[in-house]
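Please look over the model shown here before reading the notes.

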Amino acid sequence: MEETRKKIIDAATEVFSEYGFFRAPTHLVAMRAGVSKGLIFWYFKDKDELILEVARKALPAEVISSCLEKDIAGKDLLRCIAESYISKYSAPKMRNLLLHSLSASSHYEPLAELLKKTCGELLQKATLKVFGELNTKNIVKMRVLLGALMCYSINKPTELSENEYIEEVLSIIYESSNK
């Protein structure tokens, strides 16, 4: 039963990555999952529920949460977030889903709420654990980190390796707080 649900989510991930959330035909999800369209709606009450399940996995909340669960703080936590983010979005499928999620959030309220949680309370938890203080300057630094990581994922710089890029970003964000 759980295996079938996972097959549907995996197929939806592929189809949504290719077509976007709202242009993706449900029958194609069913075909790729090897199930009937009716079975999709046995596991998910409607297409919106399936979209939210896939979008939840596509947003960086999972990356931030998994790093927060580790017993690390400061620059090590920043590095964990950076490396995990770049690893996750190096796959074209996940990168496309992230972009579809960001785009759809401007007119699809449930996605906007997911994004708000990621950039709100979750980012605040990470900020506190990295810098030890929750203030506007530190929150902006965490947002700068996510922006830098997204830019890297969308268009990798040819002049820097992944590791060099991460180290430069971390030194700009973390070391600037120690001055």
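This is a predicted model: local features need pLDDT of at least 70, side-chain atom pairs count only at pLDDT 80 or more; totals for chains, interfaces and linings use all residues.

1. The largest pocket has a volume of about 220 Å³. Its lining is made up of Arg 56, Lys 57, Leu 59, Ala 61, Glu 62, Ser 65, Leu 114, Lys 117, Thr 118 and Leu 122. By class, 4 of these are nonpolar, 2 polar and 4 charged.

2. Three helices each give at least two residues to the lining of the largest pocket: H4 (47-58), H5 (61-68) and H8 (109-131). H8 supplies the largest share, 4 residues.

3. The second largest pocket holds about 180 Å³ of space. It is lined by 13 residues, and those closest to its centre are Pro 60, Leu 102, Cys 119, Leu 146 and Met 150. Helix H7 (92-104), H8 and helix H9 (136-154) each contribute two or more lining residues. The lining of this pocket has 10 nonpolar, 2 polar and 1 charged residues.

4. H9 has 19 residues and spans 27 Å from its first C-alpha to its last, close to the 27 Å expected at 1.5 Å a residue.

5. Which residues of H9 are buried? They are Asn 138, Lys 141, Met 142, Leu 145, Leu 146, Ala 148, Leu 149, Tyr 152 and Ser 153. These lie on the same side of H9, because they cover an arc of only 160° around the axis. Thr 136 and Lys 137, on the other side of H9, are exposed.

6. The buried residues of H9 pack against H5, helix H6 (74-89), H7, H8 and helix H10 (162-175).

Terms used:
Residues are numbered from 1 along each chain as its sequence is written. Side-chain values use heavy atoms; hydrogens and water are left out. On a 1 Å grid over the protein atoms alone, a cavity is a set of points where a 1.4 Å probe fits but cannot get out, and a pocket is an open set with protein on both sides within 12 Å along at least five of seven lines; lining residues have an atom within 4 Å of a point. Grid points are joined across faces, edges and corners, and a volume is the space filled by probe spheres set on the points. Ala, Val, Leu, Ile, Met, Phe, Trp, Tyr, Cys and Pro count as nonpolar, Asp, Glu, Lys and Arg as charged, and the others, Gly among them, as polar. The expected span of a helix is 1.5 Å times one less than its number of residues. Buried means under 20% relative accessible area, exposed over 50%, partly exposed in between (1.4 Å probe, protein chains only). The arc is that of the directions from the helix axis to the C-beta atoms. Contact means heavy atoms within 4.5 Å.
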